[in-house]
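Welcome! Here is a short tour of a protein, with the sequence and the structure side by side. Keep both in view as you read.

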Amino acid sequence: MPYRLPRPRRTSGVRFGLRWRLSVAIAAVSALVALVLSLIIYNATQVSMINSSRDVQDERLQSAQRIYESTERLALGAVLNDPDLPAPLRAAVERGERATYVSHDGGDAPDVWAATPLPDGGVLSLHSRFTDRYSVLAELDQTLILGSLSVVAGGTALGVLIGGRLSRRLRKAATAAARVAEGDADVRVREAIGGRARDETAELARAIDAMADALQARLEAERRVTADIAHELRTPVTGLLAAAELLPEGRPAELVRDRAQLLRTLVEDVLEVARLDGAAERAELQEIALGEFVSRRVRTFTPDAEVRVINDAVVTTDPRRLERILGNLLANAARHGEPPVVVEVDERLIRVRDHGPGFPAELLAEGPSRFRTGTSDRAGRGHGLGLTIAAGQARVLGARLTFRNAEGAIAALRLPAQPPTA
């Protein structure tokens, strides 16, 4: 049977996929860049406006000084020996320097001072608040906020677009890889994701395709070796059976014939497993009344088993393969279980139940495995291919074969609602 990967577990909670991760990352980076740029622009504008206010105040002071020295009249709001002159500005004037000073008392605009020493020892100064100039900063704040929000919104939209495209490609790749794991050898992940982008997703798809091709080639080689060995054994085993029939009656002859028959059965089962592994088997469909069909076959295989037809149904399936599955399940119950064996038919569902120790934990976890019987006893207890063949035939029928334990072993075969196709 083709190897199958386990189905991924579904986790509860909010699904935070690649698209949203990428969108949040781009939005965060956009917000950080917009904040840094806004602070830089705001501070640069503020410094430029303060310097401009200092220059204007200095020019006004020089004009007021010329007017005062020529007419001894205070103009342009100049003050002589202002007692409120800030201490740093007063210190600069005492050193004989003309200087400007900016102070901020928490209002909308700073106070701009300018002072210069006079030849007679006095101090001429100007004091103004440039409210009209600094109203531009309030408008700049609004512009920067709107611009930042636009950048964040645009970055988020771009992240959703890019992340959505990448996420779709990855989801397509995951879906195709799951189909490969289910045994569909014709699926190629590179074709499933489409597009011509040579990105990491395309590299991943090529790697998965190469792995699937290598695994398929290995499985096909193993199947051919198994089939070839079984074919080569068929002729000598047939000759061995014919020779055993010529032995004189007795216990030794009976043992030889019994073991030769077991060997023949093993070879036939191995051949059947090899054919099922090749995925070339096709069902020959017929309509049958499932309840009547199961009742007749159970009486043939295990007369002591009890048949319960809960709800009968007419199904379209392959009777020969269905009979093979039912026979193997009953044989497994007879070998490894304990009576009573009960077979139930409920529409398209067939249950085979015994009251023994149940299926081994390995079988419940991994499914049937060839040459694994669940016991270390090798003396006439089967060779572990019965359930493997049953599972392979169920796959050909498009049916689902499951195993569980509940006061014994229960094997459930659910036939499909629609007939299987190629």
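Two residues are in contact here when they have heavy atoms within 4.5 Å. By that rule, and leaving aside neighbours within four places in sequence, Ser 295 is in contact with Val 307 and Val 309. Please bear in mind that this is a predicted model.

**The whole protein**

- The protein has 422 residues, and buried residues make up 34% of them.
- Its secondary structure consists of 10 helices and 11 strands.
- If you take the contacts between residues at least 6 apart in sequence, 64% of them join residues at least 24 apart.

**An open sheet and its helix**

- Look for four strands that form an open sheet in the order β1-β4-β3-β2, with antiparallel pairing.
- At the edges are β1 (79-80) and β2 (99-103), each of which pairs on one side only.
- Strands β2 and β3 (residues 111-117) run antiparallel and are joined by five bridges.
- You can find a bridge partner of Tyr 101 in β3: the residue is Trp 113.
- Helix α2 (residues 87-94) packs on this sheet, where it touches β2, β3 and β4 (123-129). The direction of α2 makes about 20° with that of β3.

**A pair of rings**

- How many aromatic pairs does the count come to? The count comes to one aromatic pair.
- The pair is made by Phe 359 and Phe 403, whose ring centres are 5.2 Å apart. Their planes stand at 80°, so the pair is edge-to-face; planes over 60 degrees apart count as edge-to-face.
- Phe 359 sits in the loop between β9 (349-353) and α9 (361-366), while Phe 403 belongs to strand β10 (residues 400-405). The pair therefore ties together parts that are 44 residues apart in sequence.
- Are these two residues buried or exposed? Both Phe 359 and Phe 403 are buried.

- Among the buried residues of α10 are Leu 387, Ile 389, Ala 390, Gln 393 and Val 396.
- Just after α10 comes Gly 398, which takes a positive phi of about 75°.
- Asn 328 is found in helix α8 (residues 319-336). Leaving aside neighbours within four places in sequence, Asn 328 is in contact with Gly 386, Ile 389 and Ala 390.
- Asn 328 has a relative accessible area of 10%; because buried means under 20%, a value like this counts as buried.

- Ser 295 is buried, with a relative accessible area of 15%.
- Ala 174 has its place in helix α3 (residues 131-181). With a relative accessible area of 46%, Ala 174 is partly exposed.
- How far apart are Ala 174 and Ala 192 in space? They are 9.7 Å apart, C-alpha to C-alpha, and 18 residues apart in sequence.

Conventions:
Residues numbered from 1 in each chain as written. Predicted model: local features only at pLDDT ≥ 70, side-chain atom pairs only at ≥ 80, totals over all residues. Heavy atoms only, no water. Pairing = 2+ DSSP bridges. Helix = DSSP H or I, 4+ residues; strand = E, 2+ residues; numbered from the N terminus. Axes fitted to C-alpha atoms, helices over the stretch in contact; angles between N-to-C directions. Phe/Tyr/Trp six-rings, centres within 6.5 Å; stacked < 30°, edge-to-face > 60°. Buried < 20%, exposed > 50% of the residue type's maximum accessible area, 1.4 Å probe, protein only.
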